[in-house]
Amino acid sequence: MRFPALLTWLAFPIYVWQGLGVRRRTTRMLPAQGPVMHDLAGKAPAISLLVLGDSSAASVGIGNSEDGLAAQLAVLISQGTGRAVRWRAAGFNSATSGQIRDHVLPNLSADPWTHIVLAIGTNDTKNFHSVPRFKKEFGGLLYALRAKWPEARVVWSPVLEFTRAPAMPALLGKILEIRATEMNRMGERLCLERGAVPAPRLPITNPEAGFASDGFHASEAGYRAWAEHLVGLVLGEQRPV
């Protein structure tokens, strides 16, 4: 762990104090209503898309799952390729890399997913997990994915920019941003070592439009921007940065 990240441990009391304040002020939002699996018509061969991860994969922050990350990404893939797309959103509120590895992945049926998007790491960072712990848990998740779906294209969307989230007090956002930078550095390294594609961070240009009412999860516009950001990488038309 680099020196700035080590310094964040000295700020741990501030993290706890301000974090508890954010939790008190923020309404806990539920996953979106609507389908978690769907098929879009198109030509063969079909693309099978699994979006796996935390509350973002569950479309928390909006009312209808059809406006969430998985559904919007599937629509863009279908429009761009003309192919049929089968999608599934396997998202779980507050999930960390280790929880997805240990409790979700073993219970997913081995459907022939051709493309997998991982939206994970934010809770590892927010929960103050260490970089070595993230290396073990996220790295193990990548190994498990490659073992279960060896031919799938796996794309990881890294941890959000905490300082841009409206719910974050400035100091808390800076503390978590330092840790997110270290998590993303390790995540990118693990992806390159273990057969996954690390996406660039989603640029947050308009927080008021891009975040839901809780100031932390994405809005419908935010999920749309996220899907547009990832679609080229998912299809292999864009090189990772």
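Predicted model: local features only at pLDDT ≥ 70, side-chain atom pairs only at ≥ 80, totals over all residues.
Of its 241 residues, 53% count as buried.

**Overall picture**

- Among contacts between residues at least 6 apart in sequence, 83% join residues at least 24 apart.
- The protein exposes about 11,200 Å², and carbon and sulfur atoms supply 56% of that area.

**Backbone features to look at**

- The peptide bond leading from Ala-44 into Pro-45 is cis, its omega being near 0 degrees. Pro-45 itself belongs to strand E2, which covers residues 43-53.
- Ser-94 is not a glycine, yet its phi is positive, at about 70 degrees. To find Ser-94, go to the loop that runs between strand E3 (83-91) and helix H4 (97-104). Ser-94 has a relative accessible area of 30% and is therefore partly exposed, since that class lies between 20% and 50%.
- Phe-128 is another non-glycine residue with a positive phi, here about 65 degrees. Its place is the loop between helix H5 (122-126) and helix H6 (131-148). With a relative accessible area of 6%, Phe-128 is buried.

**The second largest pocket**

- This pocket holds about 160 Å³ of space, and 11 residues line it.
- Pro-158, Asn-184, Glu-188, Ala-199 and Arg-201 are the lining residues that lie nearest the centre of the pocket.
- Helix H7 (residues 170-193) gives the largest share of the lining, with 4 residues.
- By type, the lining divides into 6 nonpolar, 2 polar and 3 charged residues.

- Asn-184 sits in helix H7 and counts as buried, because its relative accessibility is 11% and the cut-off for buried is under 20%.
- The side chain of Asn-184 reaches the backbone nitrogen of Val-159 at 2.9 Å.
- Leaving aside neighbours within four places in sequence, Asn-184 is in contact with Trp-156, Pro-158, Val-159 and Arg-201.

- His-229 is part of helix H9, which spans residues 220-234. Its relative accessible area is 15%, so His-229 is buried.
- The side chain of His-229 reaches the backbone oxygen of Arg-201 at 3.4 Å.

- Ser-56 is found in the loop between E2 and helix H3 (69-81). A relative accessible area of 14% makes Ser-56 buried.
- Not counting residues up to four places away in sequence, Ser-56 touches Leu-69, Ala-119, Tyr-223 and Trp-226.
- Ser-56 and Ala-70 stand 14 residues apart in sequence, while their C-alpha atoms are 9.4 Å apart in space.

Note on methods: Residues numbered from 1 in each chain as written. Heavy atoms only, no water. Helix = DSSP H or I, 4+ residues; strand = E, 2+ residues; numbered from the N terminus. Buried < 20%, exposed > 50% of the residue type's maximum accessible area, 1.4 Å probe, protein only. Polar contact = N/O pair within 3.5 Å; in protein donor to acceptor, adjacent residues only side chain to side chain. Contact = heavy atoms within 4.5 Å. Areas by Shrake-Rupley, 256 points an atom, 1.4 Å probe, with all protein chains shown as cover. 1 Å grid on protein atoms, 1.4 Å probe; cavity = no way out; pocket = protein on both sides within 12 Å on 5 of 7 lines; lining within 4 Å. Points joined across faces, edges and corners; volume = space filled by probe spheres on them. Nonpolar A, V, L, I, M, F, W, Y, C, P; charged D, E, K, R; others polar.
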